[in-house]
Amino acid sequence: MRDINVNEIIDKIEKMCISANCNLNDDIYGRLRECAGCEKSAVGKDILEQCIKNADLAKEKQKPICQDTGMAVIFMEVGQEVHIVGGSLTDAVNEGVRRGYINGYLRKSIVSDPLLRVNTKDNTPAVIHYDIVEGDKIKIDLAPKGFGSENMSKVYMLKPSDGIEGVKNAVIDCIEKAGPNPCPPMVVGVGIGGNFELCAKLAKKALLRPINESSKTEYIADMEKELLERANNLGIGPQGLGGNTTVLGINIETYATHIAGLPLAVNISCHVTRHASCII
Ligand code: SF4
């Protein structure tokens, strides 16, 4: 067994909260630049250039790219040979988030109860997904998620007879209905298979994959490409003001499912799709 002290986890998560909120990942930044070069609408082009300038300023001044610094979503792969020492793992993750959001002056957006709605004032608790894996390391992926785009996401419990066309149409329908609300250009995570809750988790996890990396499954990679083209033909455009840049990337993750179902989740994200990762 390998001992990992909670202090190391707290420290890493604190730094990742600040870094993810201030530094736009290279894949998204690169696609924004590409799209600014081929956007046909003059207004759309201007908006994309402003998004790039905003990301440059955020990086230079280490200030958040967007005022909505999100709910901290954390995917943790914990090696089965790891022994956590010094306290509780979940408490450590939340302490890291607390310190990151307080010390990084990031907006605190979490309410302790969904109906009573009192702000916790430190952006905790985080949403944490644990997976136990082989080995003696911990992999942490942190993705702060704003809710302008989260609110536009959907789960569809399709029938097997809906097939691939049904899936494609539902994804496009979700993007079209989202329209200007998620601050397009969007990044879209799609989860197909599993069950009701797993397809949503897959869709969220799909947002972690760089948008310049296609699925390793050939027919899924083809579907990603086709859906990206269809989405960009919708005409929604940057900030919903028209144009041919509606979506920067569509990533799809799949899992086995039941003979009677075809669960599908579409997690809409925005041009401020953030993530940071580390291995301890
Ligand atoms: S959808 Fe994205 S860009 Fe718009 S407010 Fe939310 S985090 Fe910011």
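Which residues surround the ligand? I found C66, Q67, D68, G146, S149, P182, C183, C270, H271, V272 and R274 around the ligand, where near means a heavy atom within 4 Å.

Before going on, a note on the source: this is a predicted model, in which local features need pLDDT of at least 70 and side-chain atom pairs count only at pLDDT 80 or more, while totals for chains, interfaces and linings use all residues. Residues are numbered from 1 along each chain as its sequence is written, and side-chain values use heavy atoms, with hydrogens and water left out.

I sorted the ligand shell by class and got 5 nonpolar, 4 polar and 2 charged residues. Here Ala, Val, Leu, Ile, Met, Phe, Trp, Tyr, Cys and Pro count as nonpolar, Asp, Glu, Lys and Arg as charged, and the others, Gly among them, as polar.

Next, the domains. The protein chain splits into domain 1 (2-20 + 65-145) and domain 2 (148-273), with bounds from an automatic or database domain assignment. Both domains give residues to the shell, so the ligand lies between them. Their centres, taken over C-alpha atoms, are 26 Å apart.

I then looked at the interface. I see 11 residues of domain 1 in contact with 12 of domain 2 (heavy atoms within 4.5 Å). The two domains bury about 860 Å² between them, 67% of it on carbon and sulfur atoms; this is the accessible area (1.4 Å probe) lost on putting the two parts together, summed over both. I count 2 salt bridges between the domains, each a side-chain nitrogen of Lys or Arg within 4 Å of a carboxyl oxygen of Asp or Glu. I also noted a salt bridge joining the side chains of E150 and K145, at 3.0 Å, N to O.
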